[in-house]
Every structure is written in structure tokens, then in C-alpha cells.
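Here are my notes for your first look at this model. Keep the structure open and go through the points in order.

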Amino acid sequence: MSEENKAFIRRLYEEVYNNGRIDLISEMYAQDVELHIAGILEDPFGPEPIKQLVTMTRTAFPSIHVTVDDIIAAEDRVAACVSFTGAFQGVGMGTSPRANMSWWRRIDVYRIQLGRVVEQWGDRDDFTMLQRLGVAVPAFNDPKPAPRESGRL
């Protein structure tokens, strides 16, 4: 099962991120998937926030390419360390479109059941990516969030 799950996640990066197959997200993610990814609201559950994240990423970085640097699987979990590379074409945070390449890393952990992602955790290096794009990242107050009252695990 672990090898199948690793192949499933490799397909996710290749087809969805690299080839822009946003339509596959509904097939690959459960309708009540729980997401724990910076910049994505945890509620409501479902694949729609992933569709929005991938679309936004591919719009800002149309030449995006994801490389799976390392992938580990055990039971129903898959951990993937991936590198994103692409030329920034978005506008935002005082940055205009530019042809410079940027890259950043992300670590994702997936829980897979019945051939679909039912939970995903993601941690990415936004600070380094923004620095590479020439965006000044101001300090901010970051209080520790309160724990959720009940998890779904």
C-alpha cells in the first residue's frame, strides 16, 4: 500500500501542479478533506481550497515545476519534500511581474484512504520565496493559535 500511496502523491504533483489538471483535485481529494496548510482556511472542509491554492500558484508562476525531492510512506501516510521552481508573473505585495526565477520548498504530509486524500498538512518556506522576489517582509505579531476543540483523527 505504501508504494501505491507514494505513486498516487507523485501523480498529484505531476498532473495537478506541473500539468495544470485542476479537475483531478476533485477526484484525488475526498469531499470532506481536512486541510492544515498555511494560508488556507481549515473550514469549510473539502477540495475547493486546494483548487484555489493551485490556481493561484499557477497564475503567479505560470512556468511552475514541482520536483519531488524525497517521499516516504508508511501505512496511510505519505510525507513529501518538494521543490517549486518558476518565474513570477503575479502582482501583489508591491511586487510587479518579472521574469526572475524563484524557488521554494514545501513539506506535505498526506493521509490517504480509499484512494483519496482525506487530510493534508503543509509547511512551506514563504519567507525565502518572498525575499527572492524582492518583497520586504515586515515583522508581525504571531500569537499561538488556540487548539481546535476536536480533531477528526
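**Notes on the model**

1. Start at a turn. Strands S2 and S3 form a hairpin with two residues between the strands, and in this hairpin Glu75 has a positive phi near 55°. Keep in mind that this is a predicted model.

2. Now follow the two strands themselves. S2 covers residues 65-74 and S3 covers residues 77-87. The strands run antiparallel, and nine bridges join them. For one place to look, find Asp70: Cys81 in S3 stands opposite.

3. Step back to the whole chain. How many helices and strands does the chain have? There are four helices and five strands. Read from the N terminus, the order is α-α-β-α-β-β-β-β-α.

4. Next, look at contacts and surface. Take the contacts in the chain with a separation of 6 or more: 56% of them join residues 24 or more positions apart. The chain has 153 residues, and 40% of them are buried.

5. Turn to the aromatic rings. A pair of rings is described by the distance of the centres and the angle of the planes. With centres within 6.5 Å as the cut-off, the chain has six aromatic pairs. One of them is Tyr17 with Phe84. The centres of these two rings lie 5.4 Å apart, and the planes make an angle of 85°. The pair is therefore edge-to-face, as angles over 60 degrees count that way.

6. Stay with this pair. Tyr17 sits in helix H1 (residues 2-18), while Phe84 sits in strand S3. The two are 67 residues apart, and their pair links distant parts of the chain. Are Tyr17 and Phe84 buried or exposed? Both Tyr17 and Phe84 are buried.

7. The rings also form a group. Ring pairs join Tyr13, Tyr17, Phe61, Phe84, Phe88, Trp104 and Tyr110 into a cluster. Select these residues together in the viewer, and you will find Tyr17 and Phe84 among them.

8. Now the charges. Side chains of opposite charge can pair when their charged atoms come close. The structure holds nine salt bridges. One of them joins Arg11 and Glu27, with 3.6 Å between the closest N and O atoms. Why does this pair tie together separate parts of the chain? Arg11 lies in helix H1 and Glu27 in helix H2 (residues 24-28), so the bridge ties parts 16 residues apart in sequence. Arg11 is partly exposed, at 34% relative accessibility. Glu27 is partly exposed too, with a relative accessible area of 42%.

9. Another salt bridge joins Glu15 and Arg21. Here the closest N and O atoms are 3.8 Å apart. Glu15 has a relative accessible area of 23%, so this residue counts as partly exposed. Arg21 is partly exposed as well, at 33%. Asp23 belongs to this picture: salt bridges link Glu15, Arg21 and Asp23 in a network.

10. End with Arg111 and Glu119. What distance separates the closest N and O atoms of this salt bridge? They are 3.0 Å apart. Are Arg111 and Glu119 buried or exposed? Both residues are buried.

Key. Residues are numbered from 1 along each chain as its sequence is written. This is a predicted model: local features need pLDDT of at least 70, side-chain atom pairs count only at pLDDT 80 or more; totals for chains, interfaces and linings use all residues. Side-chain values use heavy atoms; hydrogens and water are left out. Buried means under 20% relative accessible area, exposed over 50%, partly exposed in between (1.4 Å probe, protein chains only). Contact means heavy atoms within 4.5 Å. Two strands pair if DSSP finds at least two bridges between them. Rings of Phe, Tyr and Trp (its six-membered ring) pair if their centres lie within 6.5 Å; planes under 30 degrees apart count as stacked, over 60 as edge-to-face and the rest as tilted. A salt bridge is a side-chain nitrogen of Lys or Arg within 4 Å of a carboxyl oxygen of Asp or Glu.
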